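Subject: Structure for you to look through

Hello,

Here is the structure I said I would pass on. Please open it next to this message and follow along; my notes come after it.

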Amino acid sequence: MLGLGVAASGLSTSSAQDLQAAVSSPTVVTTVTPDVKQPSAFQRDASTISRSSFRAALTTPSEADGLAPSTLAQAAEVAAEPGEVDPQAAKARTALLKAENAAADKRSEKLEKKRAAAKKKAEAAKRALGKSTMPVKHYSIAARFGDVGAWARYHTGFDFSAPVGTTIYAPTAGVVEHAGSGGEAGGWAGNYVVLKHADGTQTLYAHMSSISVKAGERVTGSTKLGHVGMTGRSFGPHLHFEVYPAGTTPGDVYKATNPQPWLNKLGLKP
Ligand SMILES: [Zn+2]
């Protein structure tokens, strides 16, 4: 008796790559009983022909005593049809598919985990920024950026008009660069705070009556910075608020930019 089998070594491993390798280079095991001569290549090919097509070929009267090469070719064609696949190979293919599916599941599971981690990170970053807050909650805008009139050239920030003692909040996260009088803006800003934000932008809060933060302190959106006042060059209680792009010096007023887009980016619309 002759038995052909595909021994896919490594079927027990879960790796699809291992399986792929095992299946693409199968080990053909040939079992031969001792009293039977080793079959020729021709006979080995014939053994893959299904019994029914073989029998059909044999019962054809003119070819009963032998198989004509054309009949063999026909039979081989039949054998190559999907329904005639070697059950061992089919089994290996099923195992391969199963392993591929498992690998795909693992991949999507990994992707899901990655997505969840990214989401968690984004949420943590959002928490670190704190709640975006208007520097003063109840106010009227007394002057906008670029206004001309009472200033040497033009107004270099936003004036949030509010009574002395009104709380001033950090609009978003940052580090306190300056808290007190003196420094670059000391001549006109009175008591002021400068915050440096993640992108290098700095914001300045002038004319404060009191300051609640210290230099070097980390703040998040809605951290209390102090209170509205009229220290320095001020004609009435208000918060003079300025935005300085990265690389500029807060207090060097003509380097200040319009606070409107910066606040808008935080979802704040004064
Ligand atoms: Zn002002």
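**The zinc site**

Histidine 155 counts as buried, because its relative accessibility is 1%, under the 20% cut-off. Please keep in mind that this is a predicted model.

His155 is one of the residues that hold the zinc ion: the protein donors are His155 (NE2), Asp159 (OD), Asp159 (OD) and His240 (ND1), at 1.9 to 2.7 Å from the ion. Aspartate 159 is buried too, with a relative accessible area of 7%. Along the sequence, the donor residues follow the spacing H-x3-D-x80-H. The angles between the 4 donor atoms run from 53 to 155 degrees, so the arrangement is irregular.

**The aromatic rings**

There are 7 aromatic pairs. Tyrosine 139 is partly exposed at 29% relative accessibility, whereas phenylalanine 160 is buried at 0%. Phenylalanine 241 and tryptophan 262 form a tilted pair, because their planes are at 45 degrees, with centres 6.1 Å apart. Both phenylalanine 241 and tryptophan 262 are buried. One aromatic cluster is formed by Tyr139, Phe158, Phe160, Tyr205, Phe241 and Trp262.

Regards

Key: Residues are numbered from 1 along each chain as its sequence is written. This is a predicted model: local features need pLDDT of at least 70, side-chain atom pairs count only at pLDDT 80 or more; totals for chains, interfaces and linings use all residues. Side-chain values use heavy atoms; hydrogens and water are left out. Donors are N, O and S atoms within 2.8 Å of the metal (3.2 Å for Na, K and Ca); water is not among the atoms, so sites may look incomplete. Four donors count as tetrahedral if all angles lie between 85 and 135 degrees; four count as square planar and six as octahedral if opposite donors are over 155 degrees apart and all others between 65 and 115; anything else is irregular. Buried means under 20% relative accessible area, exposed over 50%, partly exposed in between (1.4 Å probe, protein chains only). Rings of Phe, Tyr and Trp (its six-membered ring) pair if their centres lie within 6.5 Å; planes under 30 degrees apart count as stacked, over 60 as edge-to-face and the rest as tilted.
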